[in-house]
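This report describes selected features of helix packing, nonpolar cores and backbone geometry. The sequence and coordinates are shown below.

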Amino acid sequence: MAPTSLPRRAALQVLGAAGLAAALPAVARAQSADAWPSRPITYVVPFTPGGSTDVIGRLIAQKLAEALGQPVVVDNKPGAAGASYVAKAKADGYTLFGGTISTHAINASLYKNLPYDPVKDFEPISLVAFLPNVLIVDPNLGVRSVAELIALLKKDPAKRSFASSGAGTSTHLAGEMLGDMIGVKLTHIPYKGTPPAMLDVSSGQVTFMFDQITAALPLVQAGKLKLLAVTTSKRMALAPELPTMSEAGVPGFEMASWQAVYAPKNLPPAISQRLAAEITRILQQPEVRDKLTNQLGMEVVAGSPAQLAALMQKEIPRWGELVRKSGATAN
């Protein structure tokens, strides 16, 4: 027998049956991580095709496929069902999720019976980008600034309405935040998506709304909508002439939607680290940054799993307080 067999036999005897049972899963996980990926990966987007989350998901999926040597297939599963599906998926690196401020912060307090837990059921992988919203009005409303809009809202109860792309969205809560900060009770009118909401703002049926600048630009350029301010703490590169809400007369108003990548909880650390590193490299590519920044108005902020987890710890209670104040709920 080879000399090396005796030390090994002795080691196995010391380890014992119980030790082997504990060690084998760790060995299996290591081998699994080393072999990953060996088949296609699914990237779940919890919205219909065409929106910001879908655009980001398809861009990352394409680049990840190139980096990992396996197809990354985007699967659109709108609503809480998409997040619930991923929360129950196997934590093996073959299911990813395009999360947002809604799915992983706002929904925690908005839904009475949320079918997933944004913290306990998901592994943070990477923050991707912040998306500023803009304050939008009808040019015929007769206001040229945020200060003039606030004066109108305080003076005329008939004008105290705002539209959003849906109850519980960041555009909804931005309107609630404005009403709370200026001390005016506003009437929220939710729509099934951005286009019909903007149409009613442009026709004067609703006084104002918040939404992403890329959605508003065609109507702004056609003279049917007017932009008053951006909701982030800094001006945006896509419209540097647009003041922030704080600069425009609402100190402390700061709100940005965000996009991130998640996986089911307990993803092997080696796979999580590989995914985070690859996504960071993807977001540093000039053509990716150009598309997200100059074409979609986003602020690219590739962040580590720890940074994404820290953001959620801050955002969940922040939006929970505003949801409670507004009385907003969703089923």
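A residue is called buried here when its relative accessible area is under 20%. The model is a predicted one. By that cut-off, the buried residues of helix α3 are A80, G82, A83, S84, V86 and A87. Because 6 of the 8 residues of α3 (residues 80–87) are buried, this helix is largely enclosed by the rest of the structure. Strands contribute to its cover: β1 (41–45), β3 (95–100), β4 (122–137) and β9 (256–264) are included in what covers the buried residues of α3.

**Helix packing**

Two packed helices are described by the angle between their axes and the distance between the axes. For helix α6 (residues 170–182) and helix α11 (residues 305–326), the axes come within 10 Å and cross at roughly 70°. Angles of 65 to 115 degrees count as roughly perpendicular, and α6 and α11 are therefore roughly perpendicular to each other. On the α6 side the contact is made by L173, E176, M177 and D180, and on the α11 side by R318, W319, L322, V323, K325 and S326. By class, the residues of this contact comprise 5 nonpolar, 1 polar and 4 charged.

In soluble globular proteins, nonpolar side chains tend to be buried together. In this model the largest nonpolar core has 52 residues, and those with the most contacts inside it are V146, L149, F208, M245, F253, W258 and W319. Helix α11 gives the most to this core, with 6 residues. Another core lies apart from it and has 31 residues, among them Y43, L68, V74 and Y94.

What does M245 contact, leaving aside its neighbours within four places in sequence? The partners of M245 are L135, V146, L178, F210, A229, V230, T231, V250 and F253.

**Backbone geometry**

Most residues other than glycine have a negative phi, and most peptide bonds are trans.

P37 is found in the loop between α1 (5–35) and β1. N266 lies in the loop between β9 and α9 (269–283). Is N266 buried or exposed? With 63% relative accessibility, N266 counts as exposed, because the cut-off for that class is over 50%.

Conventions
Residues numbered from 1 in each chain as written. Predicted model: local features only at pLDDT ≥ 70, side-chain atom pairs only at ≥ 80, totals over all residues. Heavy atoms only, no water. Buried < 20%, exposed > 50% of the residue type's maximum accessible area, 1.4 Å probe, protein only. Helix = DSSP H or I, 4+ residues; strand = E, 2+ residues; numbered from the N terminus. Contact = heavy atoms within 4.5 Å. Axes fitted to C-alpha atoms, helices over the stretch in contact; angles between N-to-C directions. Parallel < 35°, antiparallel > 145°, perpendicular 65-115°, else oblique. Nonpolar A, V, L, I, M, F, W, Y, C, P; charged D, E, K, R; others polar. Core = buried A, V, L, I, M, F, W, Y, C linked by side-chain atoms within 4.5 Å.
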